[in-house]
Amino acid sequence: MAAVLTPDRILKEMADVWRTLGSQAESETGMGVLRACSMTLVVIAAPRDDSQALGETIAALMPEHPARAIVIHPDAAAGRDLTGRAFAQCWMPFGQRRQICCEQIEINASASVLEGALSVAAAIAVPDLPVIVWCRDLRLLERPEFRHVAALGTRIVVDTAQSPDPVAAIRLLERRLSEGVALGDLSWTRLTRWREMISQLFESRKLPKSMQVRVGTISPVSARYMGAWLVDSFRSANSAVTLEFEPGSERVELSGDNLHVELTRSGERLHTVVDGMKHCGSLPPVSDCTLMSEELKIVGHDPIFERTLRSAAVL
Amino acid sequence: MAGVNPFDDPLRFERRVPECTIVIFGANGDLAKRKLIPALYRLAYDRRLPPGFAIVGNSRTPLTDDQFREKMREAAQQFSEDTEFSSEVWDAFARGLFYLAGDIGDAQLYERLRSKLDELDGARHTGGNVLFYLSTQPSQYAAVAAGMGAAGLGQGSGWRRLVVEKPFGHDVASARELTDRLHTAFSEPDVYRIDHYLGKETVQNILAFRFGNGIFEPLWNRRYVNHVQITAAESIGVEGRGAYYQEAGALADMIQNHLLQVTATIAMEPSSSFRADSVRDERSKLLRSIRPMTPDEIRVNSAPGQYGPGRIGGTDVPGFRQEPGVDPNARTDTYAAVTFFIENWRWVGVPFYLRTGKRLPKRVTEIAIQFNAAPLAIFDGEASSSAPNLLIVRIQPDEGISLKFLSKRPGAGMKLRPVSMDFNYGSSFGERSPSAYETLLLDALIGDPTLYTRQDMVEASWAVVEPIEKVWRETRSDLPNYAAGTWGPAAADEMLARRGHAWRKP
């Protein structure tokens with residue numbers, strides 16, 4: 001399709017997609033397809049994005065988080081018109097006879113009509129279900145159109161990992177947070193498995209009165225988040241804490257009265273040493289898909305991230 | 001405990017195991033190798049075990065720690081179905097594996113065990129927390145409990161819990177006697193009777209489905225529900241368990257525990273909270289509401305069966321009496337169908353049909369709730385009268401929930417046809433579902449007994465099953481009475497036909 005895009009046109013196109021899929025499946029297997037939808041996922045792609053790779057990531061997310069996916073591609077050549085198409089992502093679960101399908105809508109828009117694309121996305125979002133916006137272009141947070149993004153989504157997810165200035169990126173997010181936007185940052189999501197392990201170590205262990213924390217570089221923003229989270233957590237338990245960053249290593253070290261903890265990534269493993277006792281668990285590399293999969297489980301505010309973001313902004 | 005963990009992030013973190021030791025009695029047996037060690041390895045792989053976590057295995061076979069580790073390594077490699085085996089993860093996990101050979105009738109074993117636990121507490125900071133797992137023959141439970149009681153192992157500086165596998169006795173009196181023995185070492189809140197059916201995701205989802213949604217509960221009663229069918233069918237035979245199985249039978253092996261627990265979950269009143277005792281109180285109350293039947297009632301509301309030779313998938317399969325280790329004249333029930341009646345305001349008059357059997361056409365476990373027909377049939381056509389509204393909860397395989405209802409066929413005219421609205425657990429949430437043992441072990445280690453069976457529940461279910469067993473023992477049924485690969489004996493069909501109902505073909 002290469003005609004002007006309106007919400008009505010997209011909705012009609014989606015109805016056609018379902019009719020076609022249903023009759024095809026009916027004639028092949030005797031049963032229709034199963035439509036699955038638990039949210040609307042709006043993806044605002046960045047100019048650098050490879051649209052095929054992004055499409056594969058969205059397709060991989062669907063079995064776990066079935067959604068009406070609306071992908072807005074920046075297209076400088078699109079002029080003032082919006083163009084796009086609707087189609088379905090289908091998969092056949094192992095051992096079953098019925099396909100499961102999710103809707104996907106692609107919208108091409110130049111930067112000058114992004115606001116129009118967002119209004120179309122708002123009109124075709126599935127009613128009564130959460131709307132998560134994955135904003136892949138961090139610069140959008142500084143533009144006036146961001147208020148439309150904020151109005152559209154129940155939660156906005158960004159990724160600050162590639163930000164050239166981590167401190168500025170964190171402060172920008174903190175400003176948006178203070179405006180009441182529910183935010184997620186994949187730089188924080190990358191820390192979950194590390195944080196989980198640290199938390200487990202203190203499940204039934206008394207916290208030392210003073211701690212020295214050394215944080216290696218997972219990414220510059222992630223390191224600041226990790227540092228802020230550790231400092232906040234120790235201080236909330238009345239432990240005095242000093243923090244150092246140690247660029248160039250993927251490790252976290254905690255030392256205090258009679259306690260020494262080291263967590264180090266080595267390939268796909270997370271090695272933990274607590275007072276000489278060793279432990280090893282799986283730590284597979286994370287992709288955008290695995291990170292987003294975790295973020296899509298949270299549809300509103302994330303209080304611990306928000307607390308950490310505020311602290312990281314003043315580190 | 002050191003109080004609230006300031007690092008916790010309940011929105012994102014998975015549940016984790018606290019520092020502790022697991023003692024497995026019968027560690028050289030099948031259950032430990034096939035289920036327990038693979039489940040614990042998976043927890044280690046997922047970083048859910050703490051660095052100090054330890055396992056002490058016990059059996060009579062003399063083994064060194066290293067020999068035990070090697071055996072368990074083989075088991076983890078062979079039986080970890082959907083988990084990558086990593087030598088690195090295993091080596092770290094195996095450093096916490098220890099072995100203590102000894103006869104469970106020998107009092108010295110428990111003294112040595114106490115020393116070992118003290119030693120581990122010092123070396124691995126387990127906080128004195130110990131979960132004892134009875135993976136032995138049921139006949140040995142009492143001896144282990146007595147040994148632990150005498151050695152004071154039920155008490156310590158941390159928490160102490162005991163996990164027991166079924167069967168929990170073979171009637172009310174023996175269940176009570178077993179409990180009395182377990183209570184010599186552990187108080188009831190620390191006894192975890194495992195029923196792996198309750199650990200299945202879909203069984204847990206029944207609670208979410210019923211009590212997390214507002215639209216179903218108003219229909220969940222005798223006004224709208226016509227009857228309920230619960231089926232647990234297995235396509236396999238006794239698979240080398242002939243000797244054990246001929247002593248137990250389908251009624252005791254499946255209905256007394258798994259299926260009555262599932263019934264309790266589907267029919268219980270809403271609990272006031274999701275706290276363990278609150279949920280278990282309601283389950284228990286429901287089980288106590290099932291009316292024990294008189295012998296005459298049992299004869300028309302139950303049907304035992306035993307499979308004879310047959311063909312499955314083009315292959316000849318032996319009858320039960322031809323299975324290895326089975327008495328050629330065995331009168332064991334390999335199939336059991338029972339109609340239960342729940343006597344409370346919500347369910348009085350609604351039959352609950354339970355059936356289970358071996359060598360049935362396929363492996364399937366499901367609950368089918370059939371609703372009453374619309375009070376007035378205003379549409380012509382067969383479909384409007386022959387396709388009742390059904391809510392199907394599929395427990396295995398293909399876990400999910402389906403609602404069957406009538407819809408107008410597209411096109412001119414008012415022709416109806418049944419359609420299905422499906423929720424498929426695996427495809428709607430494509431994450432790997434933890435195995436029932438992973439879930440239940442984690443629950444026991446965390447101290448959450450919600451999915452475990454309490455003594456009053458065991459006694460309540462024996463109270464309704466015991467009279468049926470007695471009547472079946474006294475009645476000379478003509479066995480075998482169904483061919484392998486079919487849906488059970490004709491008597492089971494007749495049991496439903498008397499009320500104008502028929503078994504679903506799942």
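Good morning. I begin with R359(B), which is found in the loop between β13 (351–357) and β14 (364–371) of chain B. Helices (H or I, at least four residues) and strands (E, at least two) are DSSP runs numbered from the N terminus.

The model is predicted, so local features need pLDDT of at least 70 and side-chain atom pairs 80 or more, while totals for chains, interfaces and linings use all residues. Residues are numbered from 1 along each chain as its sequence is written, chains are lettered from A and ligands numbered from 1 in the order written, and side-chain values use heavy atoms, without hydrogens or water.

Let me stay with backbone geometry. Most residues other than glycine have a negative phi, and most peptide bonds are trans. R359(B) is not a glycine, yet its phi is positive, at about 55°. Is R359(B) buried or exposed? R359(B) counts as buried because its relative accessibility is 11%; buried means under 20% relative accessible area, exposed over 50%, and partly exposed in between (1.4 Å probe, protein chains only).

In chain A, D128(A) also has a positive phi, about 70°, without being a glycine. D128(A) sits in the loop that runs between α3 (114–124) and β6 (131–135) of chain A. With 81% relative accessibility, D128(A) counts as exposed.

Two peptide bonds in chain B also deserve a place here. One is the cis bond that joins K166(B) and P167(B), where omega is about 5°. P167(B) belongs to the loop between β5 (160–164) and α6 (172–182) of chain B. The other leads from L479(B) to P480(B) and is likewise cis, with omega near -5°. For P480(B), the setting is the loop between α15 and β18 (482–483) of chain B.

A further loop of chain B, between α14 (436–446) and α15, holds T450(B). T450(B) counts as buried, since its relative accessibility is 3%. Which residues does T450(B) contact, leaving aside its neighbours within four places in sequence? They are F274(B), A276(B), V279(B), R280(B) and R283(B), contact being heavy atoms within 4.5 Å.

I turn now to chain A as a whole. Chain A has 10 helices and 14 strands. The C-alpha trace of chain A spans about 70 × 50 × 30 Å along its principal axes. Of the 315 residues in chain A, 56% are buried. Taking contacts in chain A between residues at least 6 apart in sequence, 73% join residues at least 24 apart.

Why is helix α9 (residues 288–295) of chain A described as largely enclosed by the rest of the structure? The reason is that six of its eight residues are buried. The buried residues of α9(A) are C289(A), L291(A), M292(A), S293(A), E294(A) and E295(A).

Next come the nonpolar cores, sets of buried Ala, Val, Leu, Ile, Met, Phe, Trp, Tyr and Cys residues joined through side-chain atoms within 4.5 Å. The largest core has 150 residues, and those touching the most other members are F25(B), F53(B), F132(B), M148(B), F340(B), F352(B) and I367(B). Helix α9 (residues 250–267) of chain B contributes the largest share of this core, 11 residues. A second, separate core has 74 residues, including I10(A), A117(A), L309(A) and F7(B).

Neighbours within four places in sequence aside, the contacts of M148(B) are F25(B), Y110(B), F132(B), L153(B), G154(B), L162(B), A185(B) and F186(B).

Rolling a probe the size of a water molecule over the atoms shows where empty space is left. A cavity is a set of points, on a 1 Å grid over the protein atoms alone, where a 1.4 Å probe fits but cannot get out; lining residues have an atom within 4 Å of a point. How many cavities of 30 Å³ or more are there? The count comes to three.

The largest cavity has a volume of about 70 Å³, a volume being the space filled by probe spheres set on points joined across faces, edges and corners. Its lining consists of K278(A), H279(A), A44(B), L49(B), P50(B), P51(B), F53(B), A92(B), F93(B) and R124(B). Two elements, β14 (277–282) of chain A and α3 (87–94) of chain B, each supply at least two residues of that lining.

The second largest cavity holds about 40 Å³ of space. The residues lining the second largest cavity are F168(B), D195(B), Q256(B), N257(B), Q261(B), T453(B), M457(B), V458(B) and S461(B). Here α9 and α15 (455–474) of chain B each supply at least two lining residues. Thank you.

Terms used. On a 1 Å grid over the protein atoms alone, a cavity is a set of points where a 1.4 Å probe fits but cannot get out, and a pocket is an open set with protein on both sides within 12 Å along at least five of seven lines; lining residues have an atom within 4 Å of a point.
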